[in-house]
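Me: I have a structure open and would like to talk it through with you, one topic at a time. Can we start once it is on the screen?

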Amino acid sequence: FRLHCDGPCMGEPYTVGERAATSLLYCRTAKRGGATSFMQDALKAVPRAGDLLVFTYRCDRAGATGAEGVHSACPLEKGVKWVATQRYREGVNRSYTAAAADQATRPLRRVGKPAWIS
């Protein structure tokens, strides 16, 4: 998979209801390849089955978003990989549901790679 963000990550202010974090539960891991790579600090998470990886796009309480959440899946070289993904939002409740937040924040999402990714 190409580099991407699951939520805002281009320095824009955080909007209540937007995705704030993601968790990846590695149910089955490849014999070779399939790591999760983060652009910032060239971090690569090489999981084992049962590992849980959690990361955020909201990098400070002021609401600024950063590049820390930009990630990609490395190609599988041998075997298969099963991952259960959960995305989290702040500010949703019974009166402001996830569906309403998704509709309200959809125009804020950018499609494609951010300009600062070469």
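**Salt bridges, strands and a pocket**

Reply: At 18% relative accessibility, aspartate 102 counts as buried, because the cut-off for buried is under 20% relative accessible area. Please keep in mind that this is a predicted model.

Me: OK, and what does aspartate 102 form a salt bridge with?
Reply: Its partner is arginine 89, and the closest N and O atoms of the two are 3.3 Å apart. The pair links distant parts of the chain, since aspartate 102 sits in helix H1 (residues 98-105) while arginine 89 belongs to strand S8, 13 residues apart.

Me: Is arginine 89 buried, partly exposed or exposed?
Reply: Arginine 89 is partly exposed, with a relative accessible area of 21%.

Me: How many salt bridges does a search of the whole structure find?
Reply: The search finds 4 salt bridges. One of them joins the side chains of arginine 87 and aspartate 6, with 3.7 Å from N to O. That pair also links distant parts of the chain, with arginine 87 in strand S8 and aspartate 6 in the segment before S1, 81 residues apart.

Me: And how accessible is arginine 87, and how accessible is aspartate 6?
Reply: Arginine 87 has a relative accessible area of 38% and is therefore partly exposed, whereas aspartate 6, at 6% relative accessibility, counts as buried.

Me: Which side chain meets arginine 48 in a salt bridge?
Reply: The side chain of aspartate 51 does, at 4.0 Å from N to O. Here arginine 48 is exposed, with a relative accessible area of 60%, and aspartate 51 is partly exposed, with 25%.

Me: Changing topic to strands: how many bridges join S1 to S8?
Reply: There are 8 bridges between S1 and S8, and the two strands run antiparallel. Within this part of the structure, leucine 24 stands opposite threonine 85 in S8.

Me: Which residue is the bridge partner of leucine 25?
Reply: That is leucine 52, which lies in S5. Strand S5 (residues 52-56) is joined to S1 by 5 bridges, and these two strands run antiparallel as well.

Me: There is also an open sheet of 3 strands, so what is its order?
Reply: The order is S4-S3-S6, with antiparallel pairing. Strand S4 (43-45) and S6 stand at the edges and have a single partner strand each, so one side of each is left without a neighbour in the sheet. On average, neighbouring strands of this sheet are turned by 20° against each other, direction ignored.

Me: How many bridges join S3 to S6?
Reply: Strand S3 (residues 36-38) is joined to S6 by 3 bridges, and the two run antiparallel. If you look at phenylalanine 38, you will find that it stands opposite histidine 71 in S6.

Me: Last topic, pockets: how much space lies in the second largest pocket?
Reply: About 320 Å³ of space lies in the second largest pocket. It is lined by 17 residues, of which Phe1, His4, Leu24, Ala73 and Lys81 are the closest to its centre.

Me: Which elements give two or more residues to that lining?
Reply: Those elements are strand S1 (19-28), strand S6 (71-73) and strand S8 (82-89).

Me: And how do the lining residues divide into nonpolar, polar and charged?
Reply: The lining of the second largest pocket has 8 nonpolar, 6 polar and 3 charged residues.

Definitions and conventions. Residues are numbered from 1 along each chain as its sequence is written. This is a predicted model: local features need pLDDT of at least 70, side-chain atom pairs count only at pLDDT 80 or more; totals for chains, interfaces and linings use all residues. Side-chain values use heavy atoms; hydrogens and water are left out. On a 1 Å grid over the protein atoms alone, a cavity is a set of points where a 1.4 Å probe fits but cannot get out, and a pocket is an open set with protein on both sides within 12 Å along at least five of seven lines; lining residues have an atom within 4 Å of a point. Grid points are joined across faces, edges and corners, and a volume is the space filled by probe spheres set on the points. Helices (H or I, at least four residues) and strands (E, at least two) are DSSP runs, numbered from the N terminus. Ala, Val, Leu, Ile, Met, Phe, Trp, Tyr, Cys and Pro count as nonpolar, Asp, Glu, Lys and Arg as charged, and the others, Gly among them, as polar. Two strands pair if DSSP finds at least two bridges between them. Buried means under 20% relative accessible area, exposed over 50%, partly exposed in between (1.4 Å probe, protein chains only). Axes are lines fitted to C-alpha atoms, for helices over the stretch in contact, and angles run from 0 to 180 degrees between N-to-C directions.
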